[in-house]
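Me: Please take a close look at one part of this model. Pick a side chain, say what surrounds it, then move on to the packing around it.

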Amino acid sequence: PMQDPMARAPVPPMPAQQSRSDPRNPNSTDHALYSKLQDCLPQATEERLMQFTAACHRHRINAGNLSGLHMDYDSMTLTINSHGLMATPAVVDMSTPPPESEQSIKQIDRFDQQMDQIAQQSQERSAQMAQQGLAM
C-alpha cells in the first residue's frame with residue numbers, strides 16, 4: 001500500500017518560543033531588551049529585532065544599560081550604544097537582509113557557551129595557581 005508521504009516527515013522541533021535563549025520568550029534574560037528595542041523601533045521586523053537583540057547580547061548591552069540608538073543613513077548602519085561598564089557599542093549593517101530569527105538565537109547561544117568556557121578556564125587556572133601556591 002502507498003504510504004502517506006507526510007507520515008515520514010520528521011517530528012518538527014519544539015517551537016523556538018520554548019528556548020530560553022529566544023528573546024521573544026518572556027523567560028529569556030534578553031526579553032526586556034527585545035521589548036525595549038521593539039518600543040524604540042516599532043517599524044522594525046521581528047527578524048531585525050532579533051538581529052539587534054543578538055548584537056546587543058554579544059556586546060553586553062541589556063535593557064538596563066541601553067543608552068541610545070543611532071541610524072546612519074550614509075553607511076546604512078544602526079549603532080546601539082550603552083553606558084554599561086563591560087558593554088561596547090553594537091553596530092548592525094542595515095544594507096543586508098537580517099538573518100532568520102533562528103540564526104540570531106544560535107548566535108546568542110554560541111556567545112553564552114563561549115563565556116561559560118572562558119569562566120570555566122579562568123576558574124581552573126585559579127585552582128591550579130592555588131594548588132601551586134600550596135605546594136611551594
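Reply: Start with His57. Not counting residues up to four places away in sequence, His57 touches Asp30, Ile108, Phe111 and Asp112. Contact here means heavy atoms within 4.5 Å. This is a predicted model: local features need pLDDT of at least 70, side-chain atom pairs count only at pLDDT 80 or more, and totals for chains, interfaces and linings use all residues. Residues are numbered from 1 along each chain as its sequence is written, and side-chain values use heavy atoms, with hydrogens and water left out.

His57 lies in helix α2. Helices (H or I, at least four residues) and strands (E, at least two) are DSSP runs, numbered from the N terminus. His57 is buried, at 11% relative accessible area. Buried means under 20%, exposed over 50%, partly exposed in between (1.4 Å probe, protein chains only). The side chains of His57 and Asp30 are joined by a polar contact of 2.6 Å. Such a contact is a pair of N or O atoms within 3.5 Å; within protein, one must be able to donate a hydrogen and the other to accept it, and residues adjacent in sequence count only if both atoms are side-chain atoms.

Next, helix α1, residues 31–40. Leu33, Tyr34 and Leu37 are buried there. Seen down the axis of α1, the buried residues fall within an arc of 100°, so they line one face of the helix. The arc is that of the directions from the helix axis to the C-beta atoms. Their cover includes α2 (46–58) and β1 (66–72). Beyond four places in sequence, Leu37 is in contact with Leu49, Phe52, Thr53, Cys56, Leu66 and Leu69.
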